[in-house]
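Hello,

Here is the structure I promised to pass on to you.

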Amino acid sequence: MNPSRRRAAISIGSAMACLSLKPCCEADDETKIASDAFTGIWSSHYQQTFIYLIIQPNQKAVFALLDQGYSFGEVPWIPAKNGIIVRGFPMLRLWQTNQPDRCKVRMQEIPPEMTNDTFVKFPLSFYMTRQQDHLPAALAELEIPKDWHGANPPSDFDRMVGKPRVVNLK
């Protein structure tokens, strides 16, 4: 590992440890109610970089970053006036808008040496959209395979691991 990447990795690790040890800020009931409005799956992208947030009501979020690979993990979020702060790396500040499935976001600036040549270009201010698509009715009506109801995997599982499916595309 080259020295600059090693320093970046150490800095990221230190930042994550520091974030996990800092206490959350206090919020009044009005702020907590407003922050509950963010529960759900949120996404945004810029060119080939995607950010996903799965905001859970227990002040936890799954933060996924897809850019020349991927990074994801569970991070805390804290209530803030008219929104929330997601304490990931980078940190994100989300504000409510008058559209319940759209929010304004400001991302913490990351030094260029701590990221790559595509993520460094991701805008610091952007919008995120909440996913509202539900499972299509045709998929929701599919029956669960009978051998999935048991406590053990199907009997052919070990024999089939890693084998590609045979598909007839005619």
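**Overall layout**

Along the sequence, the elements come in the order α-α-β-β-β-β-β-β-β-β-α-α. That makes four helices and eight strands in the chain. Please keep in mind that this is a predicted model.

Of the 170 residues in the chain, 25% are buried. The chain exposes about 12,400 Å², and carbon and sulfur atoms supply 56% of that area. Among contacts with a separation of 6 or more, 42% are between residues 24 or more positions apart.

**Confidence**

The mean pLDDT of the chain is 79, with 80% of its residues at 70 or more. Which elements mark the two ends of the range in mean pLDDT? Strand β7 (residues 102–107) has the highest value, 95, while helix α1 (residues 3–21) has the lowest, 42. Over residues 5–24 the pLDDT is below 50, and this stretch has 13 contacts in the model beyond near neighbours in sequence. I would read the start of the chain with that in mind.

**A nonpolar patch on the surface**

Four side chains are worth a look here: Tyr52, Leu66, Tyr70 and Phe72 form a nonpolar patch on the surface. Together they have about 460 Å² of accessible area. Phe72 belongs to strand β4, which covers residues 70–80. Is Phe72 buried or exposed? Its relative accessibility is 58%, so Phe72 counts as exposed, the cut-off for that class being over 50%.

**Backbone details in the loops**

Most residues other than glycine have a negative phi, and most peptide bonds are trans.

- Gln59 sits in the loop between β2 (49–56) and β3 (60–66), and it counts as partly exposed because its relative accessibility is 30%.
- Asn82 also has a positive phi near 60 degrees and is likewise a residue other than glycine. Its place is the loop between β4 and β5. With a relative accessibility of 39%, Asn82 counts as partly exposed.
- Phe89 and Pro90 are joined by a cis peptide bond, with omega at about 10 degrees. Pro90 lies in the loop that links β5 (83–86) and β6 (92–96).

Best wishes

Conventions: Residues are numbered from 1 along each chain as its sequence is written. Side-chain values use heavy atoms; hydrogens and water are left out. Patches are made of residues with over 30% relative accessible area and no salt bridge: like charges are joined within 9 Å, nonpolar side chains (Val, Leu, Ile, Met, Phe, Trp, Tyr) within 5 Å. Accessible areas come from the Shrake-Rupley method with a 1.4 Å probe; for residues, only the protein chains shown count as cover. Buried means under 20% relative accessible area, exposed over 50%, partly exposed in between (1.4 Å probe, protein chains only). pLDDT is the predictor's confidence in each residue, from 0 to 100. Contact means heavy atoms within 4.5 Å.
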